[in-house]
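Here are my notes from a read through the model, point by point. Have the structure open while you go through them.

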Amino acid sequence: MIRNAFGLLWEGGGAKGVFGVGFLLKLKENLPELTFKILSGASVGGINILPVCIDDYELLKESWEEFKRHKALKLRLFPTIFDTGEMRKFFHYLIEEKNLFERLMESDNTCLILSVSKGKGPIVFTNKDLSGSSFRYYKMKSREDLLIALLGTSSIPYFFPSVEFNGEILIDGGVYSPLPLEPLVEVSDVKKIVAIVHEPFGNWKVSSTYSFLHPFNALIENVTRKLVKKEMDRWNREGTYIFKFRDREIFLVYPEEELSAVLDFSEKAINRNLRIGEETFEKIGKDVVKFLLGDKSES
């Protein structure tokens with residue numbers, strides 16, 4: 001069981017995921033000794049946590065530059081809406097060129113990458129030997145396992161190709177829980193958690209205009225927001241950004257304005273979401289530092 005220190009929880013959300021990158025890079029600049037001992041994420045959140053798990057924030061930044069270069073998604077409509085060949089190239093970049101698997105195995109920190117097996121429920125890919133009663137935990141044994149974990153956690157049904165693992169079909173972890181707090185709580189006793197979400201607090205449904213203009217994005221985002229709301233309805237709000245779940249304190253990081261669309265991986269959209277993350281830190285950075293260092297007072 002992971003004891004003490006801090007946890008990081010990162011919501012899924014496609015291109016919106018770079019919002020948290022902007023925030024965390026600024027947080028690390030202001031708190032260089034910061035280490036997250038256990039990190040949990042689904043979809044893009046499950047991808048983003050990996051450079052943080054090995055305490056390589058430069059790789060976190062580089063990975064999104066590489067992501068932009070690969071133009072992650074290509075429309076094809078049949079048999080799935082998008083071709084993810086470029087996404088596979090991006091994952092190979094992380095695994096083959098950056099030795100991500102080996103570095104995760106060497107890390108003292110724990111990553112939890114949520115996926116869902118059709119017919120068998122949630123499965124958590126991790127770099128440690130873990131067990132629990134609510135989730136299946138699978139310790140990755142090879143680079144291929146890590147590739148499957150990354151493809152599985154981001155495989156949105158009907159939008160992206162399905163992924164096979166040991167005879168099972170894996171789909172996006174965000175379908176089960178885009179904000180996977182439960183596995184983090186089950187296998188650790190960390191008392192302070194930073195949670196990154198991608199929608200303004202309380203805005204749980206996209207507008208009808210947005211739905212008309214961006215139907216694919218709206219479909220994904222409405223499902224995601226409904227599930228995030230369901231998770232957060234179990235939390236008790238204790239301050240502007242501070243929540244409590246059982247005996248865990250959670251600092252919620254969220255944008256004050258709508259981010260660019262979940263499937264918009266254009267350079268313009270990614271740069272905008274990154275900038276909003278940086279600006280969010282400028283507004284609440286002192287509060288999250290106080291929270292982590294033991295002072296819950298908020299401005």
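**Notes on the model**

1. Let me start with an asparagine: N166 is exposed, with a relative accessible area of 63% (buried means under 20%, exposed over 50%, and partly exposed in between, with a 1.4 Å probe and protein chains only). N166 sits in the loop between β8 and β9, and its phi is positive, about 50°, although the residue is not a glycine. For context, most residues other than glycine have a negative phi.

2. Some ground rules before going on. This is a predicted model, in which local features need pLDDT of at least 70 and side-chain atom pairs count only at pLDDT 80 or more, while totals for chains, interfaces and linings use all residues. Residues are numbered from 1 along each chain as its sequence is written, and side-chain values use heavy atoms, with hydrogens and water left out. Helices (H or I, at least four residues) and strands (E, at least two) are DSSP runs, numbered from the N terminus.

3. S43 is another one to look at. This serine is not a glycine either, yet has a positive phi of about 55°. S43 belongs to the loop between β2 (36-42) and α2 (44-53) and counts as buried, at 10% relative accessibility.

4. Now the helix pair. The axes of α1 (residues 18-30) and α10 (residues 267-293) come within 6 Å and cross at roughly 45°; axes here are lines fitted to C-alpha atoms, for helices over the stretch in contact, with angles from 0 to 180 degrees between N-to-C directions. The two helices are therefore oblique to each other (under 35 degrees is roughly parallel, over 145 roughly antiparallel, 65 to 115 roughly perpendicular, and the rest oblique). By class, the contact of α1 with α10 has 13 nonpolar, five polar and three charged residues; Ala, Val, Leu, Ile, Met, Phe, Trp, Tyr, Cys and Pro count as nonpolar, Asp, Glu, Lys and Arg as charged, and the others, Gly among them, as polar.

5. Follow K244 through the strands. Strand β11 (residues 236-237) runs antiparallel to β12 (residues 242-245), joined by two bridges (strands pair if DSSP finds at least two bridges between them), and N236 stands opposite K244 in β12. The hairpin from β11 to β12 goes through four residues. β12 is also antiparallel to β13 (residues 248-253), with four bridges, and there the bridge partner of K244 is E249. The hairpin of β12 and β13 has two residues between the strands, and R246 takes a positive phi near 55° in it.

6. What about the aromatics? A search of the whole structure finds 15 aromatic pairs (ring centres of Phe, Tyr and Trp, its six-membered ring, within 6.5 Å; planes under 30 degrees apart are stacked, over 60 edge-to-face, the rest tilted). One of them is F125 with F165, edge-to-face at 5.1 Å centre to centre and 65° between the planes. F125 is in β6 (residues 121-126) and F165 in β8 (residues 163-165), 40 residues apart. F125 is buried at 0% relative accessible area, and F165 is buried at 4%.

7. The rings of F135 and Y176 are edge-to-face too, with centres 6.1 Å apart and planes at 85°. F135 is buried at 8% relative accessibility, whereas Y176 is partly exposed at 43%.

8. Finally, F201, W204, W235, Y241, F243, F251, Y254 and F291 form one aromatic cluster.
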